[in-house]
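Let's take a friendly look at how parts of a protein chain pack against each other. Please have the sequence and the 3D view open as you read.

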Amino acid sequence: MGKIIGWLLGLIARIPPRLFEKTLEATLRVLSDKPKQKVDAILLFGRAEGDDEPALFDFVAELANGGTGTTVLVNGAQGQQQGSEIPFSSWPGGASFKERLQKRGVKDIRFFPKENPTIKEGRACNTAEEAESMLDYVTNRMNCKSVILVAWPHQLLRCMGSMVNALNKKKDDGVYINIYCACPSNCNWIKEVKGSQGMNPMERKLHINLEYSRIHKYVGKGVASIDEILAYMNKRDWINE
């Protein structure tokens, strides 16, 4: 958390004060968002090869085996050109994720299908596509009322933004679900990892800048605005108080 807050403090001179304050609030809230009650499903977003360390799967297994939720949902797409430097190809695949979770004692692991028409064959989904497909699956096939999404700390806010954006698209249909966030506490910030779509290999701490840049860059294009994220979390917390 310290790495992220340190970077956010550096934003003060570069963005409007109100946007900085709201981004800081949203960041702190998603980093301390694990619900007390059990949820219907745990959503594990896909990670690029090298960014899928054991600590991530250890944490998901801890949630699943510890009573937070027993069903884990992962991207059902299989690995495409693992180890390739070609954009959109660095994804170990759903089978790989399932095997690693099973070794940690997780029994109920489900694949969400690639039904979103924007997802092309032969490559992994991006976060916005995953969020829409996950939301369709948990609301239409599982009838979930609550879920918790899992990612590394610096990725949580954008993942939450993608889920809120997907939910907002369905608000006219009366779709609502409680979405929470959680992340491992033992994140290796100096390890070199690949970023979005398997690109930009560098120390994880350097990806913080890119992650937060994408949040603001893709508002309305797959990611909800900071105000929309906070409005959703406020509504969720009021409903469940």
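## Aromatic pairs

Rings of Phe, Tyr and Trp (its six-membered ring) pair if their centres lie within 6.5 Å; planes under 30 degrees apart count as stacked, over 60 as edge-to-face and the rest as tilted. How many aromatic pairs does the structure hold? There are 2 of them.

F57 and F97 make an edge-to-face pair, with 4.9 Å from centre to centre and 90° between the planes. This pair links distant parts of the chain, 40 residues apart: F57 sits in helix α3 (residues 54-66) and F97 in helix α4 (residues 94-102). Helices (H or I, at least four residues) and strands (E, at least two) are DSSP runs, numbered from the N terminus. F57 is buried, with a relative accessible area of 0%, and F97 is buried, also with 0%. Buried means under 20% relative accessible area, exposed over 50%, and partly exposed in between (1.4 Å probe, protein chains only).

Y176 and Y232 have ring centres 6.0 Å apart and planes at 40°, so this pair is tilted. Y176 lies in the loop between α6 and β7 (178-182), while Y232 lies in helix α8 (residues 226-239), 56 residues apart. Is Y176 buried or partly exposed? Y176 is partly exposed at 28% relative accessible area, whereas Y232 is buried at 7%.

## About the model

This is a predicted model, in which local features need pLDDT of at least 70 and side-chain atom pairs count only at pLDDT 80 or more, while totals for chains, interfaces and linings use all residues. Residues are numbered from 1 along each chain as its sequence is written, and side-chain values use heavy atoms, leaving out hydrogens and water.

## Helices α5 and α6

Now look at helix α5 (residues 127-140) and helix α6 (residues 156-169): their axes come within 8 Å and cross at roughly 50°. Axes are lines fitted to C-alpha atoms, for helices over the stretch in contact, and angles run from 0 to 180 degrees between N-to-C directions.

In α5, T127, A128, A131, E132 and L135 meet R158, C159, S162, M163, A166, L167 and K169 of α6; contact means heavy atoms within 4.5 Å.

## Helices α2 and α8

The axes of helix α2 (residues 17-31) and α8 come within 10 Å and cross at roughly 45°. That makes α2 oblique to α8. Among the residues in contact are R18 and L19 of α2 and I226 and D227 of α8.

Terms used: Parallel < 35°, antiparallel > 145°, perpendicular 65-115°, else oblique.
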